[in-house]
Amino acid sequence: MNEFWATYWLDILTTILGLIYIWLEYRASIWLWLLGIIMPALDIYLYWGHGLYGDAGMACYYMVAAIYGLAIWKFKKTRKMHKELPIIHMPRRQYLPAFVCFLLSWGAIYYILIRYTNSTVPVLDSFTNALSFIGMWALARKYLEQWFFWIVVDAVCCVLYVQKGIPFKAGLYGLYVAIAVAGYFKWKQQVKITKYEKASHGTV
């Protein structure tokens with residue numbers, strides 16, 4: 001038992017925090033950003049120890065992005081009603097820039113991994129990192145489509161973590177896929193409610 005705990009305690013702890021995080025994200029709670037700062041700090045050590053250098057670097061980004069997300073959700077208000085930032089659709093004009101940013105990030109991270117690390121999974125590690133950049137940005141803006149990015153990231157990470165011997169984290173990301181699907185439909189209802197409220201106030 002002691003050997004098991006010594007091997008998997010950090011995997012288990014970050015998995016528990018991850019469950020709380022996704023529940024808060026599902027509820028669109030601002031408190032998700034607090035865990036978004038704490039959990040990545042622990043993930044850095046976990047991922048680095050298992051040779052997931054891209055994910056370790058990504059955890060650093062997550063901490064910075066969580067601070068940004070907290071600021072956006074806390075201080076950015078709608079112009080007319082001065083309410084908290086609503087859930088909206090991602091503007092079509094941002095699709096192409098987001099896709100280009102994803103491709104450039106994927107290529108850059110892949111190069112870093114093969115050039116400066118001994119990563120055995122540079123393609124998948126860099127892919128999930130690059131798409132996570134876009135996902136975090138979309139989450140911070142409360143775009144409904146952010147769930148699509150996370151469904152893909154979570155599915156790939158689940159496979160990746162099984163390969164790397166992080167079973168609890170792999171299970172967490174498998175669960176993330178299901179929760180992300182449910183989260184999409186919950187947020188979609190909020191978009192409809194927001195549109196209805198605007199219509200009732202004569203603003204659309």
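Biologist: Where is Ala28 found?

Modeller: In this predicted model, Ala28 sits in the loop that joins helix H1 (2-26) to H2.

Biologist: What is phi of Ala28 near?

Modeller: Phi of Ala28 is near 55 degrees, which is a positive value in a residue other than glycine. As background, most residues other than glycine have a negative phi.

Biologist: And Lys142, what is its phi near?

Modeller: Phi of Lys142 is near 60 degrees, again a positive value in a residue other than glycine. Lys142 belongs to the loop between H5 and H6.

Biologist: Is Lys142 buried or exposed there?

Modeller: Lys142 has a relative accessibility of 5%, so it counts as buried; the cut-off for that class is under 20%.

Biologist: Stepping back, how many helices and strands does the chain have?

Modeller: The protein chain has seven helices and zero strands. Along the sequence the pattern reads α-α-α-α-α-α-α.

Biologist: What share of the residues is buried?

Modeller: Of the 204 residues in the protein chain, 45% are buried.

Biologist: Changing topic: how many salt bridges are counted?

Modeller: The count comes to one salt bridge. Asp43 pairs with Lys169, and their closest N and O atoms are 2.9 Å apart.

Biologist: Now the surface. Which residues make the nonpolar patch?

Modeller: The patch covers about 670 Å² and is made by Tyr110, Tyr111, Ile112, Ile114, Tyr116, Val123 and Leu124. Helix H4 (95-116) and helix H5 (122-140) are the elements that give two or more residues to it.

Biologist: Which helix gives the most to the patch?

Modeller: H4 gives the most, with five residues. Tyr110 lies in that helix, H4.

Biologist: Why can Tyr110 be called partly exposed?

Modeller: Its relative accessible area is 33%. Buried means under 20% and exposed means over 50%, so Tyr110, at 33%, is partly exposed.

Definitions and conventions: Residues numbered from 1 in each chain as written. Predicted model: local features only at pLDDT ≥ 70, side-chain atom pairs only at ≥ 80, totals over all residues. Heavy atoms only, no water. Patch = residues over 30% accessible without salt bridge, like charges linked within 9 Å, V, L, I, M, F, W, Y side chains within 5 Å. Areas by Shrake-Rupley, 256 points an atom, 1.4 Å probe, with all protein chains shown as cover. Salt bridge = Lys/Arg side-chain N within 4 Å of Asp/Glu carboxyl O. Helix = DSSP H or I, 4+ residues; strand = E, 2+ residues; numbered from the N terminus. Buried < 20%, exposed > 50% of the residue type's maximum accessible area, 1.4 Å probe, protein only.
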